[in-house]
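Let's work through a few exercises together, one step at a time. Keep the sequence and the 3D view open while you read.

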Amino acid sequence: MKYNYFEKKMEVSDSLKDYARKKIDKLDKYFKKEADAQVTFLQEGNRHIVEITVTSDGMFYRSKETSDEMRAS
């Protein structure tokens with residue numbers, strides 16, 4: 001899977017990017033062809049938001065999670 005990381009209103013450490021990659025790699029078995037993943041990290045006040053969009057075979061799969069802690073999102 002190919003990864004693109006975007007950071008909005010914050011800077012993300014490499015360890016957090018690696019953590020996200022390990023979690024998303026578990027989805028790789030569900031895609032027949034090479035998929036692209038766009039991971040967006042965003043902070044709004046005390047809320048930490050992670051949005052993931054996976055593109056494969058012309059289909060888009062999107063997920064968004066909000067939490068008080070970035071790793072939990």
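Helices (H or I, at least four residues) and strands (E, at least two) are DSSP runs, numbered from the N terminus. Before we start: this is a predicted model, in which local features need pLDDT of at least 70 and side-chain atom pairs count only at pLDDT 80 or more, while totals for chains, interfaces and linings use all residues. Residues are numbered from 1 along each chain as its sequence is written, and side-chain values use heavy atoms, with hydrogens and water left out.

**Exercise 1. Describe how β1, β2 and β3 are connected and paired.**

Step 1. Two strands pair if DSSP finds at least two bridges between them. Strand β1 (residues 2-8) and strand β2 (residues 36-44) run parallel and are joined by seven bridges. Look for Tyr 5, whose bridge partner in β2 is Val 39.

Step 2. Move on to strand β3 (residues 47-56), which pairs with β2 in the antiparallel sense over nine bridges. Here Ala 37 stands opposite Val 54. The hairpin of β2 and β3 has two residues between the strands, and Gly 45 takes a positive phi near 65° there.

**Exercise 2. Find the aromatic cluster that contains Tyr 3.**

Step 1. Rings of Phe, Tyr and Trp (its six-membered ring) pair if their centres lie within 6.5 Å; planes under 30 degrees apart count as stacked, over 60 as edge-to-face and the rest as tilted. The count by this rule is three aromatic pairs.

Step 2. Tyr 3 and Tyr 5 are stacked, because their ring centres are 6.2 Å apart and their planes are at 5°. Tyr 5 and Phe 41 are stacked too, at 6.4 Å centre to centre with 20° between the planes. This second pair links distant parts of the chain, with Tyr 5 in β1 and Phe 41 in β2, 36 residues apart.

Step 3. Check the accessibility (buried means under 20% relative accessible area, exposed over 50%, partly exposed in between, with a 1.4 Å probe and protein chains only). Tyr 3 has 12%, so Tyr 3 counts as buried. Phe 41 is buried as well, at 1%, whereas Tyr 5 is partly exposed at 25%.

**Exercise 3. Which side chains meet Lys 17, Lys 33 and Arg 47 in salt bridges?**

Step 1. A salt bridge is a side-chain nitrogen of Lys or Arg within 4 Å of a carboxyl oxygen of Asp or Glu. The structure holds four of them.

Step 2. Lys 17 meets Glu 7 at 3.3 Å, N to O. Lys 17 lies in α1 and Glu 7 in β1, ten residues apart. Glu 7 is partly exposed, at 35%.

Step 3. Lys 33 meets Asp 57 at 3.8 Å, N to O. Both Lys 33 and Asp 57 are exposed.

Step 4. Arg 47 meets Glu 44 at 2.5 Å, N to O. Glu 44 is partly exposed at 34%, and Arg 47 is partly exposed at 40%.
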